[in-house]
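User: Could you take me through how to read the features of this structure, giving the general idea each time and then the case at hand?

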Amino acid sequence: MEQLTGTPTDQAPADPAATDDMLATQPVGYWSGLAHAAVTRQLRDALAGIDVTQPQYWVLNHVHGGLAAPAREEVVTQLTPLADGPHEIARVVDQLLHRGWLRTDAGQRLHLTDAGEAARVRVRGLVTALRSVVHEGISDEEYVAALKVLRRMIANVEGARRS
């Protein structure tokens with residue numbers, strides 16, 4: 001494989017004990033993967049304690065958040081890229097209809113029921129509390145900077161893939 005130019009340091013093997021002066025050589029995939037796994041595990045464990053799954057929360061938020069009530073197919077199409085499989089969101093919609101948290105209108109558009117909105121608000125409170133744990137000791141400026149760096153890395157990789 002040819003050497004890429006513009007890299008300031010050599011890539012070191014992933015090392016969870018890397019000191020600050022060694023972090024510039026660490027693989028971003030390793031660290032972003034660890035962060036994703038830890039945050040997702042914390043969120044899913046907390047949601048399980050109130051009998052809600054992360055995909056159920058996505059659907060509740062999606063149905064709540066639009067200007068117009070979405071059709072089932074819209075929800076499935078828009079959320080499937082986040083899901084663990086191609087049928088998960090359709091199953092979640094069925095679960096939430098069965099649970100009485102969603103209802104459909106005459107045009108087959110999805111709406112939150114009062115119970116569904118109460119669940120969404122309850123989960124939102126839990127997620128907000130969990131967010132404060134994740135962000136402890138991190139300023140908004142640091143958080144924004146980290147996301148900008150990740151967004152730039154994604155753009156760099158996608159640009160290199162198109163070349």
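This is a predicted model: local features need pLDDT of at least 70, side-chain atom pairs count only at pLDDT 80 or more; totals for chains, interfaces and linings use all residues.

User: Where is Gln-56 placed, and which residues does Gln-56 touch, not counting residues up to four places away in sequence?

Analyst: Helices (H or I, at least four residues) and strands (E, at least two) are DSSP runs, numbered from the N terminus, and Gln-56 belongs to helix α2. Contact means heavy atoms within 4.5 Å; not counting residues up to four places away in sequence, Gln-56 touches Asp-51, Val-92, Gln-95, Leu-96 and Arg-99. Between Gln-56 and Val-76, 20 residues apart in sequence, the C-alpha to C-alpha separation is 12 Å.

User: How should I read confidence, and where is it lowest and highest in the protein chain?

Analyst: The score is pLDDT, the predictor's confidence in each residue, from 0 to 100. The protein chain averages 91, and 94% of the residues score at least 70. Over residues 1–6, however, the pLDDT is below 50, and this stretch has zero contacts in the model beyond near neighbours in sequence. In the protein chain, confidence is lowest in helix α6 (residues 140–162), at a mean of 91, and highest in helix α4 (residues 88–99), at 98.

User: How do I read a nonpolar core, and which residues of the largest one touch the most other members?

Analyst: In soluble globular proteins, nonpolar side chains tend to be buried together. A nonpolar core is here a set of buried Ala, Val, Leu, Ile, Met, Phe, Trp, Tyr and Cys residues joined through side-chain atoms within 4.5 Å. The largest has 24 residues, of which Val-59, Val-63, Val-75, Ile-89, Leu-96 and Leu-102 touch the most other members. Two or more residues come from each of α1, α2, α3 (72–79), α4, β2 and α5 (114–134), and the largest share, five residues, comes from α2. Leaving aside neighbours within four places in sequence, Val-59 is in contact with Val-75, Leu-79, Ile-89, Val-92, Val-93, Leu-96 and Leu-102.

User: Which residues of α2 are buried, and what covers them?

Analyst: In α2, the buried residues are Gln-54, Pro-55, Gln-56, Tyr-57, Trp-58, Val-59, Leu-60 and Val-63, and their cover includes α1, α3, α4, β1, β2 and α5. The expected span of a helix is 1.5 Å times one less than its number of residues; α2, with 12 residues, reaches 16 Å from its first C-alpha to its last, close to the 16 Å expected.

User: What does a positive phi look like here, and where is Asp-51 placed?

Analyst: Most residues other than glycine have a negative phi. Asp-51, in the loop between α1 (28–48) and α2 (54–65), has a positive phi near 60° and counts as exposed because its relative accessibility is 52%. Gln-108, in the loop between β1 (102–104) and β2 (110–112), has a positive phi near 65° and is partly exposed, with a relative accessible area of 49%.

User: How are the aromatic rings to be read, and which residues form an aromatic pair?

Analyst: Rings of Phe, Tyr and Trp (its six-membered ring) pair if their centres lie within 6.5 Å; planes under 30 degrees apart count as stacked, over 60 as edge-to-face and the rest as tilted. The structure holds one aromatic pair: Tyr-30 and Trp-31 are edge-to-face, at 5.2 Å centre to centre and 90° between the planes. A charge sits over a ring if NZ of Lys or CZ of Arg is within 6 Å of the ring centre and within 35 degrees of the ring normal. The charged end of Arg-99 sits over the ring of Trp-101, 4.4 Å from its centre, and Arg-131 lies over the face of Tyr-143, at 5.4 Å from the ring centre.

Terms used
Residues are numbered from 1 along each chain as its sequence is written. Side-chain values use heavy atoms; hydrogens and water are left out. Buried means under 20% relative accessible area, exposed over 50%, partly exposed in between (1.4 Å probe, protein chains only).
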